[in-house]
Amino acid sequence: MTNKVLNWGLLSTARINEALITPLNTSKRNRLAAVASRSQSTADAYAHQWNIPRALGSYEALLADPDIDVIYNPLPNHLHAEWTIKALRAGKHVLCEKPLALTLTEVDDIAAATRETGKVAAEAFMYRHHSQTVKVKEIVESGQLGSLRIVRGAFSFTLTREGDIRLQKETGGGSIWDVGCYPISYARYIAGGNPQEVYGAQILSDEGVDLVFVGQMHFSDEVNAQFNCGFKLPSEQFMEVVGTEGVLRIPLPFKPNRKEEIYLTRDGNTEKIKIPGQELYIGEVEDMYDAVVAGSAPRVSLADSRGNTATILALLESARMGKPVSL
């Protein structure tokens, strides 16, 4: 057993940081030690607001801090790969917000940096660490649904804030990168691999980012997946897994609470399955500790992240071309 505690640093004062602050403050194996901003005054104000021990006035200062073990990278999408690689080469482990990268070359460069440095990098798909997701995978693999046939889901909401960075093409905006990546990731996880062929359709903004995206994915063994996502749709999230003998419905697959219920229907009868929950983001924090200290493989591997990136890129290409695309 080791008594080592990992010191974490937040790379910017992004709003999504708030999801990590509570887990880092409650974990016995991890500690929130610092936050960095592009200005010292902003970092100071944020550190005071959240009771963070140290405030640094540049991202470079955080990467150079010898006391920091892990960097949480919540920067805009187009900066994820650049700063993840910089952090790895500075000797830090990295938990990077999704999407890990916007191109396959960027994913490969991150993987190369982990090999060069011996450091860990992982994509922050928090739902993958929740007990509900583990239970869903267990039910599918148990055969209770029969042979897997269809996975379908949605993640959408109405984005009303003008000038939101998620609406800007140059920063990696678009609903498929922001929320569509979740049902895509979930379907790939349940299907056990990458699709062989995809088809996508989209509604674009004047700036050229997808406001609504609808996709289909064809996997091997007669498994198909369908999803929709969007910024101009009612708030919705769900996943359904359909087999030859049953249907499993997951009402809150991506942001489950401490106590959730999923529903298994077989032979016309529906069973409610209660899930003993956990704080949503604690799993990815503890998973990083296990990967760094115990040497276990991160639950979301870089190969998995590469597969998700490849699938999204193929769906976007299909939507542009108006025809199916093979992976």
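Among contacts in the chain (heavy atoms within 4.5 Å) between residues at least 6 apart in sequence, 65% link residues at least 24 apart. The model is a predicted one, so to speak of local features takes a pLDDT of at least 70, and side-chain atom pairs count only at pLDDT 80 or more, while totals for chains, interfaces and linings draw on all residues. Numbering starts from 1 along each chain as its sequence is written, and side-chain values rest on heavy atoms, with hydrogens and water left out.

As for the overall build, the chain comes to nine helices and 15 strands; these are DSSP runs numbered from the N terminus, with helices being H or I of at least four residues and strands E of at least two. The radius of gyration is 20 Å, close to the 20 Å that the globule rule gives for 327 residues, so the chain is as compact as a globular protein of that length. That radius is taken over C-alpha atoms, and the rule is 2.2 Å times the number of residues to the power 0.38. Along the principal axes, the C-alpha atoms fill a box of roughly 60 × 50 × 40 Å.

Buried residues account for 54% of the 327 in the chain, where buried means under 20% relative accessible area, exposed means over 50%, and partly exposed falls in between (1.4 Å probe, protein chains only).

Nine strands form an open sheet in the order S14-S13-S12-S11-S7-S10-S9-S8-S15, with mixed pairing. Strand S14 (269-276) and strand S15 (325-326) sit at the edges with a single partner strand each, so one side of each has no neighbour in the sheet. Two strands pair if DSSP finds at least two bridges between them. S11 and strand S12 (residues 247-250) run antiparallel and are joined by four bridges, with Val241 opposite Leu248 in S12. Glu236 also belongs to S11 (residues 232-243) and is partly exposed, at a relative accessible area of 36%. Leaving aside neighbours within four places in sequence, Glu236 contacts Ala154, Phe155, Ser156 and Asn228.

Elsewhere, strand S5 (residues 93-97) is largely enclosed by the rest of the structure, because five of its five residues are buried. In a regular strand, side chains alternate between the two faces of the sheet. Both faces of S5 are covered, with His93, Leu95 and Glu97 buried on one side and Val94 and Cys96 buried on the other. S5 pairs with strand S4 (residues 70-73) in the parallel sense over four bridges, and Val70 stands opposite His93. Helix H4 (residues 80-89) is mostly covered too, with seven of its 10 residues buried, among them Trp83, Ile85 and Leu88. The buried residues of H4 pack against elements including S4, S5 and helix H5 (104-117). Gly91, which follows H4, has a positive phi near 90°.

The loops hold a few things worth a look. His129, in the loop between S6 and helix H6 (131-142), is buried at 9% relative accessible area. Not counting residues up to four places away in sequence, His129 touches Gln278, Gly283, Glu284, Asp287, Arg299 and Val300. Arg38, by contrast, is exposed at 71%; it lies in the loop between strand S2 (30-36) and helix H2 (40-50).

Then there is the backbone. Most residues other than glycine have a negative phi, and most peptide bonds are trans. The bond from Lys98 to Pro99 is cis, with omega near -10°, and Pro99 is in the loop between S5 and H5. Ser12 has a positive phi, near 110°, and is buried at 7% relative accessible area. Glu222 also has a positive phi, of about 60°, but this residue is exposed at 55%, in the loop between strand S9 (210-218) and strand S10 (224-230).
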